[in-house]
Amino acid sequence: MDVFFMIEPWHWLVLGFILLIVEMFVPTFASLWFGAAAIIVAALLWLLPMSVSAQIIVWLVLSAVFLLAWFKFIKPLSVDRTKAGLGGSVIVGETGMIIVQPQPDRAGMVRFSVPIVGAAEWMCRTRGEQVAVGERVVVTDIVGNELVVSSMESQTVTHKNMQV
């Protein structure tokens with residue numbers, strides 16, 4: 001019976017690698033954290049002796065800490081903010097910077113800090129308004145494959161006039 005309850009460091013190491021391999025086939029990020037905790041328990045067990053109950057408690061605590069860290073800190077960083085695959089209406093209201101000045105006879109170019117609907121740079125025009133390179137603009141409409149933009153300053157003036 002004592003042989004059954006003897007867990008060696010290599011047992012934890014094998015369990016950890018099995019859980020990591022399972023994670024490769026089941027992409028849920030669930031077994032990854034349990035596997036990483038098992039590998040750490042194996043390393044700790046090689047350094048200092050622990051009872052079986054202490055090993056299991058350390059494994060459970062590490063697994064819980066890794067899961068909490070995943071959902072609280074790491075997973076929010078992996079959220080896709082590009083808005084790719086969404087309709088064009090999500091672009092209206094976004095702000096960007098003019099990198100090529102639009103002219104009456106040719107389109108300019110606006111760059112967004114985060115790619116919008118799959119692209120960071122879009123062709124743009126204004127409705128008769130002059131905008132300079134480096135100026136911040138807001139998208140007011142979409143015509144075909146081009147964005148209609150207007151200066152942030154004119155948008156603030158219009159917004160203030162509407163509040164009065």
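Read along the sequence, the protein follows the pattern α-α-α-β-β-β-β-β-α, with 4 helices and 5 strands. Helices (H or I, at least four residues) and strands (E, at least two) are DSSP runs, numbered from the N terminus. The model is predicted: local features need pLDDT of at least 70, side-chain atom pairs count only at pLDDT 80 or more, and totals for chains, interfaces and linings use all residues. Residues are numbered from 1 along each chain as its sequence is written, and side-chain values use heavy atoms, with hydrogens and water left out.

**Exercise 1. Helix packing**

Describe how H2 packs against H1 and against H3.

Solution.
- Step 1. Two packed helices are described by the angle between their axes and the distance between the axes. Axes are lines fitted to C-alpha atoms, for helices over the stretch in contact, and angles run from 0 to 180 degrees between N-to-C directions.
- Step 2. For H1 and H2, the axes come within 7 Å and cross at roughly 160°. For H2 and H3 (residues 52–77), the angle is about 140° and the axes are 8 Å apart.
- Step 3. Angles under 35 degrees count as roughly parallel, over 145 as roughly antiparallel, 65 to 115 as roughly perpendicular and the rest as oblique. H1 and H2 are therefore roughly antiparallel, whereas H2 and H3 are oblique to each other.
- Step 4. A crossing is left-handed if the near helix is turned anticlockwise from the far one by less than a right angle, and right-handed if clockwise. The H1 and H2 crossing is left-handed; that of H2 and H3 is right-handed.

**Exercise 2. A nonpolar patch**

Which residues make the nonpolar surface patch of about 980 Å², and which helix gives the most to the patch?

Solution.
- Step 1. Patches take residues with over 30% relative accessible area and no salt bridge; like charges are joined within 9 Å, nonpolar side chains (Val, Leu, Ile, Met, Phe, Trp, Tyr) within 5 Å. Accessible areas come from the Shrake-Rupley method with a 1.4 Å probe, and for residues only the protein chains shown count as cover.
- Step 2. The patch is made by Trp10, Val14, Ile18, Ile21, Val22, Met24, Phe25, Val26 and Trp46.
- Step 3. H1 (residues 9–25) gives the most, with 7 residues.
- Step 4. Trp46 is in H2 (residues 31–47). Buried means under 20% relative accessible area, exposed over 50%, and partly exposed in between (1.4 Å probe, protein chains only). Trp46, with 53%, is exposed.

**Exercise 3. Salt bridges**

Locate the 3 salt bridges of the structure.

Solution.
- Step 1. A salt bridge is a side-chain nitrogen of Lys or Arg within 4 Å of a carboxyl oxygen of Asp or Glu.
- Step 2. Glu121 pairs with Arg111, the closest N and O atoms being 2.4 Å apart. Glu121 lies in strand E3 (residues 119–125) and Arg111 in strand E2 (residues 108–116), so the pair ties together parts 10 residues apart in sequence. Glu121 is partly exposed at 36%, as is Arg111 at 41%.
- Step 3. Glu146 meets Arg125 at 2.7 Å, N to O. Glu146 is in strand E5 (residues 146–151) and Arg125 in E3, 21 residues apart. Glu146 is buried at 19%, whereas Arg125 is partly exposed at 28%.
- Step 4. Asp141 meets Arg127 at 2.8 Å, N to O. Asp141 lies in strand E4 (residues 136–143) and Arg127 in the loop between E3 and E4, so the pair ties together parts 14 residues apart in sequence. Asp141 is partly exposed at 30%; Arg127 is exposed at 61%.
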